[in-house]
Amino acid sequence: MDANIKPDLSEAFNWAYDAAYDPEAVDKNEPSISIWPSDFPGFKDELYAYHTQLLQFARRMTRIFALALHMPEDHFDEYVKHPEAGMRIIHYPQQEAAPVDQNDGTGGLEVLNKSGYWVKAKPVPDAFVVNIADCFMRQTNDFFVSTVHRVINKSGRERYSLPFFFGFVKPMAAD
Ligand SMILES: O=C(O)CCC(=O)C(=O)O
Ligand SMILES: [Fe+2]
């Protein structure tokens, strides 16, 4: 490892789609691949309660993406019946204190723009940041462009985030 590259200090817990928590599941009894702590009551149910909301929100977003591509609203419905829908809870430790006048919410997410500059994605209250990923960029022939992104926690305090990852059902060919 290059000694000049600082290690990633964040720590995370990841889990995957579970048909048992999907109100639109094709097969509710399909086993899940996620591993959960057995000694943490409520942890799994609470996290899936939120995951399920995001799952349904992402399905609605997929319809908006279809319309943006000038396709019928329901074009991707078959692609999201059994989606890839993982989630992560991340803790970024406190790293360094920031000057008080720069305290703009926890922030920290940055995206690389076309000119090669990192642009801060300033947090907007009650809003989600939607990042396009490489797969959707490929599936839409670069109509939607994926965003290279990173997190630098200079807030002077701990940072928590809960990204949700969503993609089409694996065996479905994209055309
Ligand atoms: O913590 C964030 O704001 C972004 C996290 C992220 O992009 C990821 O975990 O892939
Ligand atoms: Fe990411």
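User: What makes Asp 77 partly exposed?

Analyst: This is a predicted model, and in it Asp 77 has a relative accessible area of 27%.

User: Why is the pair of Asp 77 and Arg 63 called a salt bridge?

Analyst: The closest N and O atoms of Asp 77 and Arg 63 are 2.7 Å apart. A salt bridge needs an Arg or Lys side-chain nitrogen within 4 Å of a carboxyl oxygen of Asp or Glu, so this pair qualifies. Asp 77 sits in the loop between H1 and E2 while Arg 63 belongs to helix H1, so the bridge ties together parts 14 residues apart in sequence.

User: And what makes Arg 63 and Glu 73 a salt bridge?

Analyst: Here the closest N and O atoms are 3.9 Å apart. The cut-off is 4 Å, so Arg 63 and Glu 73 count as a salt bridge too. Glu 73 is in the loop between H1 and E2 and Arg 63 in helix H1, so this pair joins parts that are 10 residues apart in sequence. Together, Arg 63, Glu 73 and Asp 77 are linked in a network of salt bridges.

User: How many salt bridges does the whole structure have?

Analyst: A search finds five. One of them pairs Glu 78 with Lys 81, with the closest N and O atoms 2.9 Å apart. Glu 78 is partly exposed at 46%, and Lys 81 is partly exposed at 40%.

User: Why is His 70 called exposed?

Analyst: Its relative accessibility is 73%. Exposed means over 50%, so His 70 belongs in that class. His 70 lies in the loop between helix H1 (43-68) and E2, and its phi is near 60 degrees, a positive value in a residue other than glycine. For context, most residues other than glycine have a negative phi. Asn 141 also has a positive phi, near 50 degrees. Asn 141 is in the loop between H2 and E5 and is exposed as well, at 63%.

User: How do you know that Ser 161 makes a polar contact with ligand 1?

Analyst: A polar side-chain atom of Ser 161 is 2.6 Å from an oxygen atom of ligand 1. Ligand 1 exposes 290 Å² when taken alone, and the protein buries 80% of that.

User: What makes up the shell around ligand 1 by class?

Analyst: The shell has six nonpolar, two polar and two charged residues. Strands E2 (84-92), E5 (149-151) and E6 (159-161) each supply at least two of the shell residues, and E2 gives the largest share, with three.

User: Why can Val 130 belong to a nonpolar surface patch?

Analyst: Val 130 has a relative accessible area of 47%. Patch members need over 30%, so Val 130 clears that cut-off. Val 130 forms the patch with Tyr 50, Phe 57, Phe 128 and Leu 162, and together they have about 450 Å² of accessible area. Val 130 itself lies in the loop between strand E4 (118-120) and helix H2 (134-139).

Technical notes. Residues numbered from 1 in each chain as written. Chains lettered and ligands numbered in written order. Predicted model: local features only at pLDDT ≥ 70, side-chain atom pairs only at ≥ 80, totals over all residues. Heavy atoms only, no water. Patch = residues over 30% accessible without salt bridge, like charges linked within 9 Å, V, L, I, M, F, W, Y side chains within 5 Å. Areas by Shrake-Rupley, 256 points an atom, 1.4 Å probe, with all protein chains shown as cover. Helix = DSSP H or I, 4+ residues; strand = E, 2+ residues; numbered from the N terminus. Buried < 20%, exposed > 50% of the residue type's maximum accessible area, 1.4 Å probe, protein only. Polar contact = N/O pair within 3.5 Å; in protein donor to acceptor, adjacent residues only side chain to side chain. Nonpolar A, V, L, I, M, F, W, Y, C, P; charged D, E, K, R; others polar.
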